[in-house]
Amino acid sequence: MSDVAASRTGAAPGTDPVMTHRMILFVIFGLMAGMFLSALDQTIVGTAIRTIGDDLHGLSQQAWVTTAYLITSTISTPIYGKLSDIFGRRPLFIFAIVVFIIGSILASFSTSMLELAAFRAVQGLGAGGLMSMPLAIMGDILAPRERAKYQGYFLAVFGISSLLGPLIGGLFAGTEEILGIAGWRWVFLINVPIGIFALAIVLRFLHIPRHPRHSVRIDWFGAAFVIMALVPLLLVAEQGRTWGWGSPISILCYVIGAIGIVAFVITEVIMKDDALIPLKLFRSPTFSMATVIGVFVGFGMFGAMLTIPLYLQLVMGSTPTESGFQMLPMILGLMIASIGSGQIIARTGRYRIFPILGTAFMSLAFYWLTHLQYDTSYWFMAGAMLLLGLGLGQLMQTLTIASQNSVGLRDMGVATSASTFFRQIGGTLGTAVLLSLMFAVMPANIQTSFANEDTLTSALDAAFDPDVASDPANTEIMSQIYSPIVTGVTDATTAQVQAGLKKATDAATAAVAAQVAAGTIPPEAQAAATAQAVAAAQTAATQKIQEQIPVARVADDGTVSLDFSDPTQRADFVATVVPTLQDQFAKGSGDNANDESAINDTSFLVGADPRLAKPMLVAFNASAVTVYWVAMWVVIIAFVLSLFFRTPPLRDKSALQEAVDDAAALEAQRAANEMGALIEPIPSKTEELAVVGAGAPQSRREAREAREAAERDRDEP
């Protein structure tokens, strides 16, 4: 009898499917190991991406690196959820860790940004499981209200990884070589020992009771159509600025993506409960709204957050390691808000206020960031990062809990993965669109920056200064940006001086020849008279040239040179050429200022004279502000939606406990039927959910009313 009961509850004989606190802690220990691996990877790359992009000469292609990772992790997330509902969480979690380790090893051997993007895609296949499986397992073993109590353990892991990730990434990126390997490659290699350790922990401690397999059908067509829908749309989001948004290849991507979306929806309807993302989940207004809000939050969060480490390093001149420390306000805000909201949820079971406050804080943070200037102090940005962290901390876990609370045990894994999937969809779109937008507007912002009179005057004064130009720290920025400008101006000025001298000497020679022809000067004296006239004309022309161009120098032999050592003369000269250059930059024809290499490799800004770097910094600041404006409006939409978010109280039982109660109720029903009992057992809450699909769970009042109705029915003759 015990074996039968065990089989009906989904546990092995002699195993209690309802987990004790000690068993839960062991499982959480295994989950924390995998979560540390994925959380570390998300934060460690951010501070190193500039160094990676500069070394591989493709900083403007960094969106590919991030997008490829997000595409594969996004697509694989619902697949992991569905397979784990069928075959169990543990084997899928182990598989995810192994794939992630393999992807990390491959990424460390990258020789180009596109190659790195391909290997990051392999990493993403593992990351999809690392991100969704811990949440699904937590949903299995803990009631929604109890989950908030245990999330402190995960917050500790996330906080430590968020703290260590930027620091380790910055440290590796700031080191040329470690054990003969380029420092930035250790950003990926560090995942290998951590991943092996995490795998060992999971194999040792991650043991959870199994529930019966309820399906053997896998929605492979749904997975294929997800890929067909997402990849073309993400490609055009990334490459639209290069291809042209209305080009034939972009239109083809739109069409393929639209066909993929329609085919995916049709497939999910046909597959019903076995669908990759069962459409019945969306019958719950709680799940539907949490999903939509998650898409908008993911868009703003992933897309805009990627620019912060870049901003700290490029505009504020921080080293990768320093930028890691400077991200601490956001991490602090994240942990404070997560812990605080978790405790409140655990005590009250209510969470409606947190999506509202979270999106409000994020909107305010992005609005704050839109007021950044290239010379703004770090503490101004730290305030915005703190607000951003406070907003995210109230959203990340809350939306997932809401999604899990809206379904029963059967759909716990797929609901969790679907919630993560749609948030990743938003994040992937945000990364592709916002980073593409930033680098799309960068060339125009560079031109605009150089067209500013004060900025251009200061930069040119430094560029023409022999001491500044010869400083080794400015060698790269001079050759990359200013040498073509300086050379063009000096060549044009020298040619102008030489033309003036030639005109004067030609006029003197012609005048002597005319006098000889008129008989004023004897023919035999023409040569001497010509030499004397030319010398006089050259002297007069030199004086006039030096009045007009103070930096010009004319040697006795007529050789022309320019001397910029005198600050006053240099300033006067720069003032004369600035209007011409302004016009050129305003028309988009400034020499080399918008060269693609200036965006792909920004290492020339490191240590450069601030006056030389200012135009580039101003341009990057303007590009980042554009991104923050877009992110702000997207999050504001999420804020408005959160005002209509219906959030029923959280259930007091875990999915496993509900499964046990269901099994006990069914056993009692069977026994009652066998013995001819007159009273039927009251159905459990999960049974009630099964009747209405994925609808919202009953409140206590509704459950009490149902029991009273059942008693009235029983008492009636």
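Ser338 sits in helix H15, which spans residues 328-348. Helices are DSSP runs of H or I with at least four residues, strands are runs of E with at least two, and both are numbered from the N terminus. The model is predicted: local features need pLDDT of at least 70, side-chain atom pairs count only at pLDDT 80 or more, and totals for chains, interfaces and linings use all residues. Residues are numbered from 1 along each chain as its sequence is written, and side-chain values use heavy atoms, with hydrogens and water left out.

Ser338 counts as buried because its relative accessibility is 7%. Buried means under 20% relative accessible area, exposed means over 50%, and partly exposed lies in between (1.4 Å probe, protein chains only). A polar atom of the Ser338 side chain lies 3.3 Å from the backbone oxygen of Gly393.

The protein as a whole has 29 helices and four strands. It comprises 717 residues, of which 55% count as buried. Its accessible surface comes to about 30100 Å², and carbon and sulfur atoms account for 65% of that. Accessible areas come from the Shrake-Rupley method with a 1.4 Å probe; for residues, only the protein chains shown count as cover. Contacts (heavy atoms within 4.5 Å) were also counted. Among those between residues at least 6 apart in sequence, 81% join residues at least 24 apart.

By the rule used here, the protein has six salt bridges. A salt bridge is a side-chain nitrogen of Lys or Arg within 4 Å of a carboxyl oxygen of Asp or Glu. Arg570 and Asp461 meet in one of them, at 3.3 Å from N to O. This pair links distant parts of the chain: Arg570 is in helix H24 (residues 567-586), Asp461 is in helix H20 (residues 453-464), and the two are 109 residues apart. Both Arg570 and Asp461 are buried. For Asp461, the relative accessibility is 18%.

Asp461 also forms a salt bridge with Arg611, where the closest N and O atoms are 3.8 Å apart. Arg611 lies in helix H26 (residues 610-642) and Asp461 in helix H20, so this pair ties together parts that are 150 residues apart in sequence. Arg611 is partly exposed, with a relative accessible area of 30%.

Arg570 has a further partner in Asp465, with a salt bridge of 3.6 Å from N to O. Asp465 is in the loop between H20 and helix H21 (466-469), Arg570 is in helix H24, and 105 residues separate them. Asp465 and Arg570 are both buried. Through shared partners, salt bridges join Asp461, Asp465, Arg570, Asp609 and Arg611 into one network.

Helix H22 (residues 475-517) has a kink of about 65° at Tyr482, shortly before the proline Pro484. The bend at a residue is the angle between axes fitted to the seven residues ending there and the seven starting there. Gly519 follows H22 and has a positive phi, near 85°.

Trp245, Ile251, Tyr254, Val255 and Ile259 make a nonpolar surface patch of about 460 Å². Patches are made of residues with over 30% relative accessible area and no salt bridge; like charges are joined within 9 Å, and nonpolar side chains (Val, Leu, Ile, Met, Phe, Trp, Tyr) within 5 Å. Val255 belongs to helix H11 (residues 248-271). Val255 is partly exposed, at 41% relative accessible area.

Val98 lies in helix H5 (residues 89-107). Val98 is partly exposed, with a relative accessible area of 34%. Val98 and Ile196 are 98 residues apart in sequence, and their C-alpha atoms are 8.3 Å apart in space.

Terms used: A polar contact is a pair of N or O atoms within 3.5 Å; within protein, one must be able to donate a hydrogen and the other to accept it, and residues adjacent in sequence count only if both atoms are side-chain atoms.
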